Structures are given as C-alpha cells and as structure tokens.
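Here is a short briefing on one model. It covers salt bridges and a sheet.

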Amino acid sequence: MHFRKDIVRAAIAVGFFWVIAAGPLAAQSRGLRAIRAADMKVHMEFLASPIFEGRPAPSTAVEIASLYLAQQAKLRGLKPILPDGSFFQPVPIEVTTVSQAKSRLRILSEGGEQVLYFPQSFAPYSLRGTAEGALSGRVVFVGTTRDADEKTLEGLDLKGAMAVAIALPVPEGPRPAAGSPPPFFLTRYLREKGAAGLVTIITNERERYFRDNGRGFDIAERLAYPSIDQSGRSGSSMPAAAVSFVQLEVRHAAGAAILGLASAEMEARIAAAMRGERAAPGAVDGRILEASIYFDKRMASASNVVGVIEGSDPKLKSEYITITGHQDHLSMREGRVYPGADDNASAAVAMLEIIEALVIERPKRSVIMVWGTAEERGLVGAYHFVQHCPVPVENISANINLDMLARNDPNMVYFVGSNCLSTEFDQILRAAMKRSAGMRVDDAFQNPAHPDRFFFRSDQFPHIQYGIPGVWIFCGTTEDYHTPNDLLERVDYAKMEKLAKFTYTACLDVGNAPGMMKLDVRPDVTTRGAHNMAVNWRR
C-alpha cells in the first residue's frame, strides 16, 4: 500500500515537472506556428507594389509604408517606446536639388545665343562633387566615350575648354534608363589638361527611351543628415567644392545645338560612331558653352518605425535585443520603378511575423523592433537610432539585422558580422540555426576586408560601431539586385518563413541568456557606447 502511494506521489511530481517544463516549450512551439509564409505574402503584395515607386527616403511613399508597418505591428502587440509615445522616430534630412529656375546652358556664337534648360535638355551627371556656379569655355569635340584616349586627343588644346563626347554603350551594355559614366580615363585626362568640363551626348537607347516616354532627365538629390555622425560614410554632409570642372549629360538635340549641327547631321554622326567609325576630334570654331548650375535646398524627414515587446523578467526587461530591417529602397530612375521586393520588403514583412511569435513567448529581455529608414542612403536610419536611442545603448545585448531574405539557395544563408565582437553571440546564432531552420551558414562575408565590403553595407554595422554585437542575416545578391526586376514573383516565401523562425528562436536564446552578450573578441572594444565609433574596422 505504501509502495503504491509512493508511486502515485512520484507520478504526480514527474507530471508536475513536465507541465512546468513544457510550458515554455509549448509556447515556443505556438510562436513558431504563428510564423507563416502565407501571411507574409499578403503584406509583400502591398509593400512591393509599383504604386510605392520603390519606397525611396525621403518620400511620401516610404512614409505610407512606415505607417502601414506601424499599424500592423501595433495590431500584433508592439508597444511604443519613443519619448513621445508614438512609433515614429523622424530623421531630419537636408535635400539639395538642381534649381530648375536658375540652371541652364547658354550657347554663344556669331549667330547669337541659344539657351537650354534643365531637366528637359541637360543634367549634371551627378550631384556628388558638383559645385554651384557658372563655368564657360570653348567647345571642343573629343570623339566618343569609348574611343577617346591620349593618342586621339594628342595635340588638342583643352585648357579651359568644354569637351563634348558622344556616349557609346560599354561592352556589356548599360541599361537604357540609367546610362553609364564616361570612362574614368577621359574625365581624368580632361581635368589634367585643364578643361572646364565634359559634356556627354547620351546613348541612342536612352534618347529613344526619353522620346518614347515623354521624359527628361531626373531631378537628382544630394542629401545630408544633420542629426547623425556617419564618420565619413557616403551620404554625409560634403563641403562645398570650388567651381573648376563640370560634368553634364545632354539630349541629342542639345548636343546638336552645342556642336552647331543640324539634327540630321547629329544623328548621322552618332550612327557612324555606333558603326565604329571615328570622327576626328577638334575645336568647334566660334562656339562658347556656358554652364550655370545652381541649387535649391529644403528640409525633409523620413521616419524609423520603432516599438518594443517588453521582456518577461521584472529585472532583465531593462536590457534589450534589437531586431532591425530597413523598409526603404530606391527612387524611380528615369521613369522606371525599382520595387525592392527582396531588398527589403522581405525583412520588413518578416518582422511582423516575428512580433506575432514573440508576443506568444516573450524572452526575459525586451525586444526593440526597428524598421530603419534611408538604409539605401548610407544606413541613415540605423545611425540615427543608435545615436538617439530611446534606451541606453549600454543596455542593448545584441542586434539581429534582416536584409534580403527571399532569394538564392533555399537552404543557405550568410552571417555577416556575427563573430566580430562576441564569441558567445556567434555560437548562440549557430545553435539556433541548427535547431530551427537547419540551413547552411556561409561565412564568406564576415571579414571586413572582403572586397565586396558587405560588413559595412547594412544596419548591423552602426550597432557594431557602438560596440553592440550584431549580425546581418543575408541571402546574397542576385542579377536583380538594385534593378527593376527585384519583383514579387521571384520571392521565396518558404525561405522567408524559415529565416523568420530562426530569428525568433535566436532572439529567445539571446534574450534568455544568463547575461548580456560578452565582448570578448577585440581588445579595443570591451564596453558598449559611442566611444567605439573611433575603432577602425577597415584594418
């Protein structure tokens, strides 16, 4: 009888143990089941739609995308953490554009003056390095962008000249809507010879595209970010340059006017160049070209979307993991939309599913979700977040950054940056991958010295610069990367689901670890904070 009572007591005790132990495991299982590819597809169809015109930052389109993500995240249980009680962290942006009212080309000749206007007839090749002001010079024809070299240009007086070249497609062929820069040699040679500028007559493909679609040149933007320190990254403020060399692109009619040719003569010269016939370079007598480039400036903003899932432990909830993924992509280019389905609607949507899972099973530490803006402009939103963080950065244990989750080998993923600050973090991620998605981890891009520089190219890097262990979960580029072909129909939703489940699992493991992720890899990074911005990761 006593024996049977002992058995009963033991059975009750064991059963009670498994109820307690199975609680978190059952919740994790429910969390994993909440992440579904079918749910992701609905949001992808919205965010990667052409109506968003690529979700560029700053724009109304990307702000609508941000509003949509914030509302969807709120419905799933995300809470505000910003001081104003909202989900939106505005990033101020100074926008510089070429002034349509003030910028023009003047052609001076014995026959009088002819004026060409921006953006219908011409545009600066790039605003980077373009200075404000007027510059003029004698018109000198230098041939084509493919054939011009020291031999063909030998003996030409280029000092103070406005050199004019016919653009030819590079051997692999540029996209008609984007064009290609003149060969570096030609630009460098003209600068060395003291030329005032280079005017490139656009390719036949671009001219035809402009004509058939009723387009002129894009109104390019140069952006500056007064709220952030990017430590020399592209996209930060640039000092004004002295007006010494200007680089322009012109339509065919404008090229004809500059060279003093009839339209038919200009087209015949371009056709001959396309056939490989070389036109003799030389000065165009009696013609002066004056380029006046002036800027307009305005202030704009784009918003990070930021919210929190509070940790389950009363003490540890004041420590954090961040999950990041940018929601912006690229501006339209000469009328063509760059939808950015993989880059990076895939991660923006996966984060919504991860919230659903985390609300079911919260880690001990709190999780901050950050949809960063203007990543394509130089990781701008991520820098703004870490430099204007709503919580002490010293309390952020680690960052998991999601960027491009939907293409390439369905069973492979890259980790970028996981091993650069914390051995523990790297090990937890690998164990979580084996336990959840079971995908092969490729470390090809871990090294900051890799020639493709992926280590520096997504939103984990600003976290790493602040001494916060970070990883970029990345499926690699494709031939559609940063093209109009990054489309919904090429998305692998099953892969997105697997990586969302991995991220959820890894977040729980980091969030439930005994302590914050240890900084044990670099002797010059032993604490978290802004002082780590001085670390040279390029060595």
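R36 is partly exposed, with 42% relative accessible area (buried means under 20%, exposed over 50%, partly exposed in between; 1.4 Å probe, protein chains only). Its side chain meets that of D39 in a salt bridge, 2.7 Å from N to O (a side-chain nitrogen of Lys or Arg within 4 Å of a carboxyl oxygen of Asp or Glu). The model is predicted: local features need pLDDT of at least 70, side-chain atom pairs count only at pLDDT 80 or more, and totals for chains, interfaces and linings use all residues. Residues are numbered from 1 along each chain as its sequence is written, and side-chain values use heavy atoms, leaving out hydrogens and water.

**Salt bridges**

- A search of the whole structure gives 26 salt bridges.
- Side chains of opposite charge can pair when their charged atoms come close.
- E334 and R206 form one of them through their side chains, at 2.4 Å from N to O.
- E334 sits in the loop between β12 (320-324) and α9 (341-360), and R206 sits in helix α6 (residues 204-213), so the pair ties together parts that are 128 residues apart in sequence.
- Helices (H or I, at least four residues) and strands (E, at least two) are DSSP runs, numbered from the N terminus.
- E334 and R206 are both buried.
- The side chains of D218 and R215 also meet in a salt bridge, at 3.4 Å from N to O.
- D218 is partly exposed at 26% relative accessibility, and R215 is partly exposed at 27%.

- Eight strands make an open sheet with mixed pairing, in the order β3-β2-β10-β5-β6-β7-β9-β4.
- Two strands pair if DSSP finds at least two bridges between them.
- β3 (112-117) and β4 (122-124) are the edge strands, and each pairs on one side only.
- Neighbouring strands of this sheet are turned by 30 degrees against each other on average, direction ignored.
- Axes are lines fitted to C-alpha atoms, for helices over the stretch in contact, and angles run from 0 to 180 degrees between N-to-C directions.

**Strand pairing and helix packing**

- Strands β2 (residues 104-109) and β10 (residues 282-293) run antiparallel and are joined by five bridges.
- L105 stands opposite A291 in β10.
- Helix α5 (residues 184-192) packs on the sheet and touches β6 (162-166), β7 (197-201) and β9 (246-250) (contact means heavy atoms within 4.5 Å).
- The direction of α5 makes about 145 degrees with that of β7.
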